[in-house]
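Here is a short report on selected features of one protein model.

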Amino acid sequence: MTSIQSVLQETRIFPPPAEVVARATVSGMAAYEALCREAEADYEGFWARLAREHLSWKRPFDEVLDESRVPFYKWFADGDLNVSYNCLDRNVEAGLGEKTAIIFEADDGKVTKVTYRELLARTIAFANALKSQGIAKGDRVVIYMPMSIEGVVAMQACARIGAIHSVVFGGFSAKSLQERIQDAGAVAVITADEQCRGGKTMPLKPAVDEGIAMGGCESIRCVIVYRRTGGPCRMLAGRDLWWHELIANQPETCEPEWVEAEHPLFLLYTSGSTGKPKGVQHSSAGYLLHAVITMKWVFDIRPEDVFWCTADIGWVTGHTYIAYGPLACGATEIIFEGIPTWPDAGRFWKLIQDHKVSIFYTAPTAIRSLIKAGPELPRQYDLSSLRILGSVGEPINPEAWMWYYTEVGGSRCPVLDTFWQTETGGHMIAPLPGATPLVPGSCTLPLPGIQAAVVDENGNELPWGEGGSLVVKKPWPGMLRTIWGDPERFVKSYYPIEFGGRLYLAGDGAVRDAKTGYFTIMGRIDDVLNVSGHRMGTMEIESALVANPLVAEAAVVGRPDDLTGEAICAFVVLKGERPQGAAAEQMATQLREWVGKEIGPIAKPRDIRFGDNLPKTRSGKIMRRLLRQLARGEDVAQDVSTLENPAILEQLKAGV
């Protein structure tokens with residue numbers, strides 16, 4: 001894992017290629033700076049212009065920004081529109097009906113293409129199917145689907161009728177599903193019999209059944225099941241319905257539900273520093289605007305592009321840069337069901353070659369795994385169609401950046417290291433390919449209209465070169481509106497009173513280069529881990545471990561990992577004797593499987609160490625700072641005189 005110091009000392013600079021600059025949406029630094037000046041001179045006017053230019057409105061807005069209830073900001077609140085109309089109907093009406101909207105490559109390599117006209121027809125059929133079950137504007141619908149055209153159709157259909165969707169990643173457990181259904185008060189679940197990954201099928205529907213059976217899901221009226229594989233699937237009479245039967249003979253028209261700009265488009269649950277996941281709530285208009293302008297500014301999307309974001313629709317990246325952004329721009333995009341290393345490590349490169357992908361957006365974890373699997377492999381494929389490369393989910397270390405740039409992009413494609421979050425709706429700090437000189441390891445500069453800063457613990461802006469907390473000084477249209485059902489937690493999490501209640505706290509540490517002002521993200525400042533770009537709350541994992549009847553106490557921390565960025569390390573105290581040797585290995589395996597069932601496979605701790613106790617102060621507080629040092633293999637050099645039981649550190653250190 002590259003140290004932050006090596007990133008800050010990075011001196012290599014890569015100017016944007018002349019051919020990209022010549023045709024870019026934002027061409028040259030002067031154009032970028034002009035947009036920034038426009039936003040600074042007339043902030044509301046800047047966003048109003050973009051909203052009028054890039055979105056189609058049923059009822060135009062007059063009010064731009066409502067700051068009457070800080071920090072519960074509203075944007076374009078007196079305007080009406082429909083997100084599905086903006087993604088589908090308007091492209092068909094603009095003459096793009098026969099253009100390919102989605103190229104779907106299944107795990108087994110089978111390819112299916114749908115045009116904008118066909119995607120609209122599928123969305124209309126499913127929207128009418130939802131309406132036939134009494135689902136209407138404001139109802140919450142949980143989507144637990146594999147990567148598929150149908151997954152996007154389900155999201156678009158919800159948007160079309162004004163239902164609020166909450167997509168749950170297909171790798172999450174029945175318990176995680178149950179928690180989200182319960183918190184959202186969902187009336188329906190849309191799922192599939194099974195999903196396919198790496199040549200294997202994995203059930204989805206049984207997890208839905210198990211989650212609902214756990215209780216607290218009485219709001220569910222129906223479960224709609226897409227037949228993906230035809231594998232065994234138990235259907236409950238009176239509740240469960242087959243997708244293909246439900247869409248049969250539906251009307252061929254479905255007038256969009258014209259909703260107010262602030263109507264919630266979706267809830268997406270993200271880990272917090274406490275055990276309960278947070279239902280991040282996004283609006284319709286502001287969110288869609290951010291998706292569209294970042295597609296145009298950052299990805300420089302053009303009519304002839306083939307865009308491929310490798311994320312899952314269960315994450316915000318799959319929302320913004322699969323389900324909504326590319327479609328709202330009338331782009332052709334790839335949806336891929338499988339994994340990068342099956343049937344071999346050349347899968348990604350073959351897919352780029354076969355479909356002539358021009359914009360490729362993936363995670364540093366995927367890049368690092370592909371380097372390990374075959375650093376020379378990209379040279380065996382024709383990747384000449386590529387013109388822009390993107391990185392998402394976590395900071396990309398300079399070595400991986402350089403490999404991506406030289407081996408995948410042929411030293412001619414800008415590598416865009418994009419910083420953003422579930423809560424921000426889209427890119428916040430990112431290079432513009434036709435304007436920004438690139439520095440490996442840095443996400444460079446904020447987008448026009450995004451006023452990012454680095455502050456100390458009192459909210460005072462720090463000089464360039466000093467590390468602190470990353471904040472955004474002004475509201476922006478794509479920001480989250482609240483945490484579903486918990487406005488107090490929203491304020492406490494993102495607009496803390498220590499910062500005056502007006503600075504958005506990203507929860508990440510950052511530093512600006514002393515000369516260029518470029519931002520480098522240094523990682524989370526709260527108890528949230530970033531594992532392969534997926535945010536996992538330490539409290540969530542600790543709660544799962546302690547729920548095991550054999551566990552008395554647990555503390556979870558992260559340690560750097562070359563492949564996943566951060567690895568989960570758990571320190572566990574059992575109710576019985578501390579296991580050693582083979583017994584410890586057996587118990588660790590048992591607890592990993594337990595966590596996998598409670599939360600999902602991505603939450604399984606990489607390391608589990610057993611102790612007779614945990615390092616605590618005399619007041620009983622667990623010293624996680626010391627555990628982080630132990631997890632990283634560092635010597636605990638600080639004064640440990642405040643510890644009640646300093647000898648436990650040696651025991652935990654020896655228990656690697």
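## Salt bridges

R221 is partly exposed, at 42% relative accessibility. This comes from a predicted model. R221 forms a salt bridge with D139, and the closest N and O atoms are 3.9 Å apart. D139 lies in the loop between α6 (116–132) and β6 (140–144), while R221 lies in the loop between α9 (205–213) and β11 (222–226), so the pair ties together parts 82 residues apart in sequence. D139 itself is buried, with a relative accessible area of 18%.

How many salt bridges does a search of the whole structure find? The total is 34. One of them pairs R180 with E179, with the closest N and O atoms 3.9 Å apart. R180 is buried at 4% relative accessibility. E179 is partly exposed at 27%. Another joins E634 to R632, where the closest N and O atoms are 3.0 Å apart. Here E634 is partly exposed, with a relative accessible area of 34%. R632 is also partly exposed, at 39%. Shared partners also link K205, D209, R234, R239 and D240 into one salt-bridge network.

## The seven-stranded sheet

Seven strands make up an open sheet with mixed pairing. Their order is β5-β4-β17-β16-β18-β19-β20. Strands of a sheet pair through backbone hydrogen bonds, either parallel or antiparallel. Which strands stand at the edges? They are β5 (111–115) and β20 (415–417). Each has a single partner strand, so one side of each is left without a neighbour in the sheet. On average, neighbouring strands are turned by 20° against each other, direction ignored.

At one end of the strand order, β4 (residues 100–105) and β5 run antiparallel. Five bridges join them. In this pairing, E105 stands opposite V111 of β5. The two strands form a hairpin with five residues between them. G109 sits in the turn and has a positive phi of about 95°.

Which strands does helix α13 (residues 347–355) lie across? They are β4, β5, β16 (306–309), β17 (332–336) and β18 (359–362). Against β17, the helix runs at about 150°. Within α13, the residues R347, F348, W349, L351, I352 and H355 are buried. An α-helix has 3.6 residues a turn, so residues three or four places apart point the same way. After α13 comes K356, whose phi is positive, near 55°.

Helix α12 (residues 316–328) has 13 of its 13 residues buried, so the helix is largely enclosed by the rest of the structure. G330 follows α12, and its phi is positive too, near 70°.

## Around H290

H290 belongs to helix α11 (residues 285–297). Is H290 buried or exposed? H290 is buried, at 2% relative accessibility.

The H290 side chain reaches the backbone oxygen of H427 at 2.8 Å. H427 is also among the contacts of H290 beyond four places in sequence.

## Cysteines

How many disulfides are there? The count is zero. A disulfide needs two cysteine sulfur atoms within 2.5 Å. For C413, the closest cysteine sulfur belongs to C309 and is 17 Å away, too far for a bond. C413 is buried, at 0% relative accessibility.

C443 is in no disulfide either. Its nearest cysteine sulfur is that of C36, 14 Å away. C443 also counts as buried, at 2% relative accessibility.

Note on methods. Residues numbered from 1 in each chain as written. Predicted model: local features only at pLDDT ≥ 70, side-chain atom pairs only at ≥ 80, totals over all residues. Heavy atoms only, no water. Pairing = 2+ DSSP bridges. Helix = DSSP H or I, 4+ residues; strand = E, 2+ residues; numbered from the N terminus. Axes fitted to C-alpha atoms, helices over the stretch in contact; angles between N-to-C directions. Contact = heavy atoms within 4.5 Å. Buried < 20%, exposed > 50% of the residue type's maximum accessible area, 1.4 Å probe, protein only. Polar contact = N/O pair within 3.5 Å; in protein donor to acceptor, adjacent residues only side chain to side chain. Salt bridge = Lys/Arg side-chain N within 4 Å of Asp/Glu carboxyl O.
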